[in-house]
Amino acid sequence: LLNDLRVLDKTRYPLMVERFVALAYAPGAELPAQLPRPRLTVDSTNQRALQARLGLESTRPLLGLCPGAEFGPAKRWPQAHYSALAAHYIAQGWQVLLLGSANDRPVTDAIRQQLPPALQGACIDASGSTSLVDAVDLLAACALVVSNDSGLMHVAAAVAAPLAAIYGSTSPAFTPPLAARVRIVSHELPCRPCFQRECPLGHLDCLR
């Protein structure tokens, strides 16, 4: 039984999170000036076990890369760019962790394979081999996370990992990572944000 019908005023609630929070208040009520930020609890015991299983070294800073996006390719930074980023950090003494679902495995595998053979050992591909709970603990161990606008981006924000969030077809003005240590990366073009799964113009300039 629907007994509390709300008509969405998009101009009043531009953020997705505001639209859901508003449902907890009376119609027309003012929202708090500062909304609570999501915070996920980290299991340090599981975190250490995962680091050992994946061969991550505690003495080297960890770069987490989340190159997938279930929404579609218009949200995915090109894999060659991720590979170049991984190579840069590995050359500085970092290790790299690729995270995602089993569907992201072709992308993460290509990122790792595009690295020079001498650098591939420092790049661990955990996509499809970890649960979401495991991803929470692993992202919390990262000294830096670079992610597309995806579910894992929001997880990284909720464990307070330093985060660079890359936006293509979508917009941080609608679904930003709700955390303090965030840098938004986007290329402003007249055609974005289009909110399409695939680039309607076929060029993906917003991500290249």
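This is a predicted model: local features need pLDDT of at least 70, side-chain atom pairs count only at pLDDT 80 or more; totals for chains, interfaces and linings use all residues.

Colleague: What makes β1 and β2 a pair of strands?

Modeller: Two strands pair if DSSP finds at least two bridges between them. Strand β1 (residues 62-66) and strand β2 (residues 95-98) have 4 bridges, in the parallel sense, so by that rule they pair.

Colleague: And which order do the strands of the open sheet take?

Modeller: The order is β3-β2-β1-β4-β5-β6, 6 strands with parallel pairing.

Colleague: Why are β3 and β6 called edge strands?

Modeller: β3 (123-125) and β6 (182-186) each pair on one side only.

Colleague: What about α6: why do you say helix α6 is largely enclosed?

Modeller: Buried means under 20% relative accessible area. In helix α6 (residues 151-158), 6 of the 8 residues are buried, so the rest of the structure largely encloses this helix. They are Leu-152, Met-153, Val-155, Ala-156, Ala-157 and Ala-158. These buried residues pack against β1, α5 (132-140), β4 (144-148) and β5 (163-167). After α6 comes Ala-160, with a positive phi near 65 degrees.

Colleague: How do you know that the span of α3 is close to the expected one?

Modeller: Helix α3 (residues 79-91) has 13 residues, and at 1.5 Å a residue the expected value is 18 Å. From its first C-alpha to its last, α3 reaches 18 Å, so the span is close to what is expected.

Colleague: Which residues of α3 are buried, and what do the buried residues pack against?

Modeller: Tyr-82, Ser-83, Leu-85, Ala-86, Ala-87 and Ile-90 are buried in α3. Their packing partners are β1, β2, α4, β3, β4 and β5. Just after α3, Gly-93 has a positive phi of about 95 degrees.

Colleague: Last one: how much space lies in the largest pocket, and which residues are closest to its centre?

Modeller: About 260 Å³ lies in the largest pocket. It has 18 lining residues, and Glu-70, Gly-100, Ser-101, Asp-104 and Leu-152 are the closest to its centre. α5 and α6 each supply at least two residues of that lining.

Note on methods
Residues are numbered from 1 along each chain as its sequence is written. Side-chain values use heavy atoms; hydrogens and water are left out. Buried means under 20% relative accessible area, exposed over 50%, partly exposed in between (1.4 Å probe, protein chains only). Contact means heavy atoms within 4.5 Å. On a 1 Å grid over the protein atoms alone, a cavity is a set of points where a 1.4 Å probe fits but cannot get out, and a pocket is an open set with protein on both sides within 12 Å along at least five of seven lines; lining residues have an atom within 4 Å of a point. Grid points are joined across faces, edges and corners, and a volume is the space filled by probe spheres set on the points.
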